[in-house]
Amino acid sequence: MPKTWTFLAGMTGLTLIAPLVIGIAAAEQSGAQQSEQAKAQNRVTAAREQRQQEQARENAAVTTFKDSGGREFRVPTSDRVHVLTREQDIAWNPPAAAPTFSGCPAAISGTYPGCVLPPRTRPPEKAWHDPGWFSPTWADDTQARFEGGYLLRLGAANAPAADGTESGNGVVGYVPLLGGGLAVGQPWPGSYKPVPLPAYVTRYYGLGGEGAWRYYDRTIYRMKPDGSAISGVAAILLGAPIRIGQTMPQGHDVYNLPAAWRDQYRDGPEALYRYSDGYIYQLDPASRRVRAAIELLS
């Protein structure tokens, strides 16, 4: 090949490679610019959120109250909260124990004909498969069994077993358990009238109309629109007896406020704050006594 042709071929290769190199450099430069723009936008957003938080703290009013001993204390307030300082203002507490339903749940009757359980031949595989794990009153496995997400009460002395013999393992009552007999997608067991809940609970958890939820054993369940099955768990109400003027119960040692309220209610030398079941409680730092219950309205 002539030298001239070789040179031209090399030049042609250069002209093909050059645009690619230029394109890569331009892409890298564009990526760097976008990264800087993203960082700048993040800084603007962070600054705006900080200004909003500072403004919220500046706009929050502080109201002075007196405790039962006549000592003054201050509570941040706003139109989003209602501060309660007297014990009688808190008029509702969740029930302490789950009631037992009569009869046999459909899930058990579909598995065991006549709702008669076979005799137990081996100990429970897991601790929570032993009814006594839930309560000493359920400890006798001749009268109670764990099965299919239910605590089952046994007592039909002459219930016929599947083989035609007599048995005392007939199911006469049951307690549905959270995540077991009361799991998402499960039908609500038996006929049930919704118990009334405080207005602040229905507002705070957005429960909607009366037929949109059920309450059982400290737990609020959301229901499908037609009320046929459980669609979700709205809240678990711990129900610890928290009283204004008394010491905060054990188990509330950690700052646990919802994120939206942490700027307004921060632990400090003058007050501690703890959250439970729709209320923020202000505590005296020295004695841990509850000074006020702050009802969250929104």
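Guide: Met223 sits opposite Ile230 of strand 12. Before going on: this is a predicted model, where local features need pLDDT of at least 70, side-chain atom pairs count only at pLDDT 80 or more, and totals for chains, interfaces and linings use all residues. Residues are numbered from 1 along each chain as its sequence is written, and side-chain values use heavy atoms, with hydrogens and water left out.

Visitor: OK, how many bridges join strand 11 to strand 12?

Guide: There are 5, and the two strands run antiparallel, strand 11 covering residues 219-223. Strands here are DSSP runs of E with at least two residues, numbered from the N terminus, and two strands pair if DSSP finds at least two bridges between them.

Visitor: What's the strand order in that sheet?

Guide: The order is 10-11-12, an open sheet of 3 strands with antiparallel pairing. Strand 10 (213-216) and strand 12 each have a single partner strand, so one side of each lacks a neighbour in the sheet. On average, neighbouring strands are turned by 25 degrees against each other, direction ignored; the axes are lines fitted to C-alpha atoms.

Visitor: Where's Val233, and is it buried or partly exposed?

Guide: Val233 is in strand 12, residues 230-236. Val233 counts as partly exposed because its relative accessibility is 41%; buried means under 20% relative accessible area, exposed over 50%, and partly exposed in between (1.4 Å probe, protein chains only).

Visitor: Which residues make the nonpolar surface patch?

Guide: Leu178, Val233 and Ile236 make it, at about 250 Å². Patch residues have over 30% relative accessible area and no salt bridge, and nonpolar side chains are joined within 5 Å, like charges within 9 Å. The areas are Shrake-Rupley values with a 1.4 Å probe.

Visitor: Switching topic: how many salt bridges?

Guide: The structure holds 3, each a side-chain nitrogen of Lys or Arg within 4 Å of a carboxyl oxygen of Asp or Glu. Arg266 pairs with Asp263 at 3.0 Å between the closest N and O atoms, Arg274 with Asp267 at 3.0 Å, and Arg291 with Asp284 at 2.9 Å.

Visitor: Why does Arg274 count as buried?

Guide: Because its relative accessibility is 3%.

Visitor: Last one: where's Arg71, and what does it touch?

Guide: Arg71 is in the loop between strand 1 (61-66) and strand 2 (72-77). Leaving out residues up to four places away in sequence, Arg71 touches Phe65 and Lys66, contact meaning heavy atoms within 4.5 Å. Arg71 is exposed, at 55% relative accessible area.

Note on methods: Helices (H or I, at least four residues) and strands (E, at least two) are DSSP runs, numbered from the N terminus. Axes are lines fitted to C-alpha atoms, for helices over the stretch in contact, and angles run from 0 to 180 degrees between N-to-C directions.
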